[in-house]
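Look over the sequence and the structure first, then work through the points below.

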Amino acid sequence: MAYSFDELINTRQSCRSYSDKPVEKEKLEELVKAVRLTPSACNSQPWKLFVVTGEKARFVKDALQLMGRNKFTEDCPAFTVFVEKPATLKAGIAEMVSSQKFAQLDVGAAVSYYTLKATDLGLQTCILGWFDEKKLSNALGLSKSEKVRLVVATGYAVDGYELREKVRKDVSEFVDFIG
Ligand SMILES: Cc1cc2nc3c(=O)[nH]c(=O)nc-3n(C[C@H](O)[C@H](O)[C@H](O)COP(=O)(O)O)c2cc1C
């Protein structure tokens, strides 16, 4: 697509209107390659991804459509489930920063890489944190130490889909420049 960086971050938005056009396998592979480059604490890369497409995605949709929410995912052809695995931090660091949940932050960063790469490839995404975690964990056969953190709906938008104006705080509300 050749977006500038600013265009890229302005173009990424949560899509809730998907067409049923499948996502090409090559594009899904490019998305996970982008995740591979995400920085993480001690380079621990504490994630595992499940890329679920087509008919097989039924169990993901069932877990996402909870209490009337996320119904729009019904039309979406692909989902990537981001699972956090226990991070192996360097000796000493884990104790020093035990109050920090680095693995959780790392998975968040990985999701950012994924969604921005998707935008770059002309795809739409929606990060989803609202789901039946037990249903997903069981279906994926996760162990007790693995936790589903986020699911990213991935696909193409319906015709006529438009970029929205971003609703955000003003920078003055969240930044202090010191010095
Ligand atoms: C951690 C996280 C969880 C989210 N969970 C959901 C969700 O379950 N359903 C949904 O429709 N959107 C979900 N969103 C999307 C946010 O609502 C959206 O990112 C925010 O309103 C900003 O809009 P934008 O992504 O279009 O810029 C989630 C976003 C994040 C980062």
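This is a predicted model: local features need pLDDT of at least 70, side-chain atom pairs count only at pLDDT 80 or more; totals for chains, interfaces and linings use all residues.

**Starting point: Pro86**

Pro86 is exposed, as 12 other C-beta atoms lie within 10 Å. Residues are numbered from 1 along each chain as its sequence is written.

**More on Pro86**

- Pro86 sits in the loop between E2 and helix H4 (93–96). Helices (H or I, at least four residues) and strands (E, at least two) are DSSP runs, numbered from the N terminus.
- Pro86 touches Pro46 and Ser145, not counting residues up to four places away in sequence. Two residues are in contact if their C-beta atoms, placed from the backbone, lie within 7 Å.
- Glu146 is 60 residues from Pro86 in sequence, yet their C-alpha atoms are 7.0 Å apart in space.

**The whole chain**

- The protein chain has six helices and four strands.
- From the N terminus on, the elements run α-α-β-α-β-α-α-β-α-β.
- The radius of gyration is 17 Å, close to the 16 Å that the globule rule gives for 179 residues, so the chain is as compact as a globular protein of that length. This radius is taken over C-alpha atoms, and the globule rule is 2.2 Å times the number of residues to the power 0.38.
- Along the principal axes, the C-alpha atoms fill a box of roughly 50 × 45 × 35 Å.
- Of the 179 residues, 27% count as buried.
- Take the contacts with a separation of 6 or more: residues 24 or more positions apart account for 83% of them.

**Helix H2**

- H2 (residues 25–36) has twelve residues. From its first C-alpha to its last, H2 reaches 17 Å, close to the 16 Å expected at 1.5 Å a residue. The expected span is 1.5 Å times one less than the number of residues.
- Which residues of H2 are buried? They are Leu28, Leu31 and Val35.
- Seen down the axis of H2, these buried residues fall within an arc of 55°, so they line one face of the helix. The arc is that of the directions from the helix axis to the C-beta atoms.
- An α-helix has 3.6 residues a turn, so residues three or four places apart point the same way.
- The face turned away from the buried side carries the exposed residues Glu26, Glu29, Lys33 and Arg36.
- The buried residues of H2 pack against strand E1 (47–53), strand E2 (78–84) and helix H5 (102–120).

**Helix H5**

- H5 has 19 residues and reaches 27 Å from its first C-alpha to its last, close to the 27 Å expected at 1.5 Å a residue.
- The buried residues of H5 include Ala103, Asp106, Val107, Ala110 and Tyr114.
- Among the elements covering the buried residues of H5 are helix H1 (5–11), H2, E3 and strand E4 (147–155).
- Just after H5, Gly122 takes a positive phi of about 80°.

**The loop between H2 and E1**

- Pro39 lies in this loop. Pro39 counts as exposed, with 10 C-beta neighbours inside 10 Å.
- Pro39 and Asp106 are 67 residues apart in sequence, and 7.3 Å apart in space, C-alpha to C-alpha.
- Cys42 is also in the loop between H2 and E1. Its phi is near 55°, a positive value in a residue other than glycine. Cys42 is partly exposed, with 14 other C-beta atoms within 10 Å.
- Asn43 is in the loop between H2 and E1 too. Phi of Asn43 is near 55°, again positive in a residue other than glycine. Asn43 counts as exposed, with 11 C-beta neighbours inside 10 Å.

**Leu49 in strand E1**

- Leu49 belongs to strand E1. Leu49 counts as partly exposed, with 18 C-beta neighbours inside 10 Å.
- Beyond its neighbours within four places in sequence, Leu49 is in contact with Val32, Val35, Thr80, Val81 and Phe82.
- Leu49 and Thr80 are 31 residues apart along the chain, and their C-alpha atoms are separated by 6.5 Å.

**Around the ligand**

- The residues around the ligand include Gln13, Arg16, Asn70, Trp130 and Lys166.
- The shell divides into five nonpolar, four polar and two charged residues. Ala, Val, Leu, Ile, Met, Phe, Trp, Tyr, Cys and Pro count as nonpolar, Asp, Glu, Lys and Arg as charged, and the others, Gly among them, as polar.

Notes. A residue is buried if 20 or more other C-beta atoms lie within 10 Å of its own, exposed if 12 or fewer, and partly exposed in between; C-beta atoms are placed from the backbone. A residue is near a molecule or strand if its C-beta atom, placed from the backbone, lies within 6 Å of it.
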